[in-house]
Amino acid sequence: FFFTYFAVLNVVTAVFCQSAIDSAQSDHTMMVQSILDDKEAHLEKIKALFSQMAYNEEGGITFAMFEEKINSAAVKEYFATLGLDVWDAWSFFKLLDADAGGSVEIEEFLMGCLRLRGQATAIDVGKILQDQEFLIKNQDRFFGVLDAELRDLKMELATLRYAASGSDPSGSSGPGPGMARTLDL
């Protein structure tokens, strides 16, 4: 009797687990389809929004057009539905203008809005930190090269002054050991 009871309990547990797995897979498929449907719906909303903004002949909007319409009820409502809080029009426009062309096309606008909506994820923060570290490292390297170039430039300028005036740039009466070699070039 005990083994029969245990076997039935295992079968019930297996059916429950399989049902949960099937449901999770179905939910994932439905979520992907929902995202695709949302993208199409957002694209239609953006096209309507762009027609209200009187986009330019290239199919994009400039910052002036964006700034003019940013405070309209339709634009604020659209951003609110996406979960975007646009308080700085210039910064937001620059984030949308991925190719830095000065104009934002419909697809660029859609992808930018979808990318910027919601809360920042750990990946977003990690990418920002990585980019910042890269910039700081390269900035240090740039300043090192710039400093060396400026020292060389000062030395060459002092050499030219010495050659033009006939006196030592360091204040002594004759050319120093390194100065004669520099002037021979």
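Of the 185 residues in this protein, 20% count as buried. Keep in mind that this is a predicted model. The protein has seven helices and two strands. Read from the N terminus, the order is α-β-α-α-α-β-α-α-α. Now the contacts. Take those in the protein with a separation of 6 or more: 53% of them join residues 24 or more positions apart.

Let's go to helix H5, residues 106-116. I'll take two of its partners in turn.

Partner one is H3, residues 73-82. How do we describe two packed helices? By the angle between their axes and the distance between the axes. For H3 and H5, the axes come within 10 Å and cross at roughly 50°. The crossing of H3 past H5 is right-handed. Which residues make the contact? On the H3 side, look for Tyr-78, Phe-79 and Leu-82. On the H5 side, look for Phe-109, Cys-113 and Leu-114. Sort this contact by class and you get six nonpolar residues, no polar ones and no charged ones.

Stay on H3 for a moment. Ala-80 is also in this helix. Buried or exposed? Ala-80 counts as exposed, because its relative accessibility is 53% and the cut-off is over 50%. Now find Arg-117. Ala-80 and Arg-117 are 37 residues apart in sequence. In space, their C-alpha atoms are 9.7 Å apart.

Partner two is H4, residues 89-96. H4 packs on H5 at an angle of about 110°, and the axes are 9 Å apart. So H4 is roughly perpendicular to H5, since that class runs from 65 to 115 degrees. H4 brings Phe-92, Leu-95 and Leu-96 to the contact. H5 brings Glu-108, Phe-109, Gly-112, Cys-113, Arg-115 and Leu-116. By class, the contact of H4 with H5 has six nonpolar, one polar and two charged residues. Notice two names that came up before. Phe-109 and Cys-113 of H5 meet H4, and they also take part in the contact with H3.

Glu-108 sits in H5. Buried or exposed? Glu-108 counts as buried, because its relative accessibility is 13% and the cut-off is under 20%. What does its side chain reach? Another is the backbone nitrogen of Asp-99, at 3.1 Å. Set aside the neighbours within four places in sequence, and Glu-108 is in contact with Leu-96, Asp-97, Ala-98, Asp-99 and Ser-103.

Next, move along to Ala-100. This residue is in the loop between H4 and strand E2, which covers 103-105. Check the backbone here. Ala-100 has a positive phi, about 55°, although it is not a glycine. Ala-100 counts as exposed, because its relative accessibility of 65% is over 50%.

One more stop, in helix H6. This helix covers residues 122-165, and Thr-159 lies in it. Thr-159 is buried, because its relative accessible area of 6% is under 20%. Where does its side chain go? The side chain of Thr-159 reaches the backbone oxygen of Met-155, at 2.8 Å.

To recap the packing. H3 crosses H5 at roughly 50°, while H4 meets H5 at about 110°. The H3 contact with H5 has no charged residues; the H4 contact with H5 has two. Over to you for questions.

Conventions: Residues numbered from 1 in each chain as written. Predicted model: local features only at pLDDT ≥ 70, side-chain atom pairs only at ≥ 80, totals over all residues. Heavy atoms only, no water. Axes fitted to C-alpha atoms, helices over the stretch in contact; angles between N-to-C directions. Helix = DSSP H or I, 4+ residues; strand = E, 2+ residues; numbered from the N terminus. Left-handed = near helix turned anticlockwise from the far one by under 90°. Contact = heavy atoms within 4.5 Å. Nonpolar A, V, L, I, M, F, W, Y, C, P; charged D, E, K, R; others polar. Buried < 20%, exposed > 50% of the residue type's maximum accessible area, 1.4 Å probe, protein only. Polar contact = N/O pair within 3.5 Å; in protein donor to acceptor, adjacent residues only side chain to side chain. Parallel < 35°, antiparallel > 145°, perpendicular 65-115°, else oblique.
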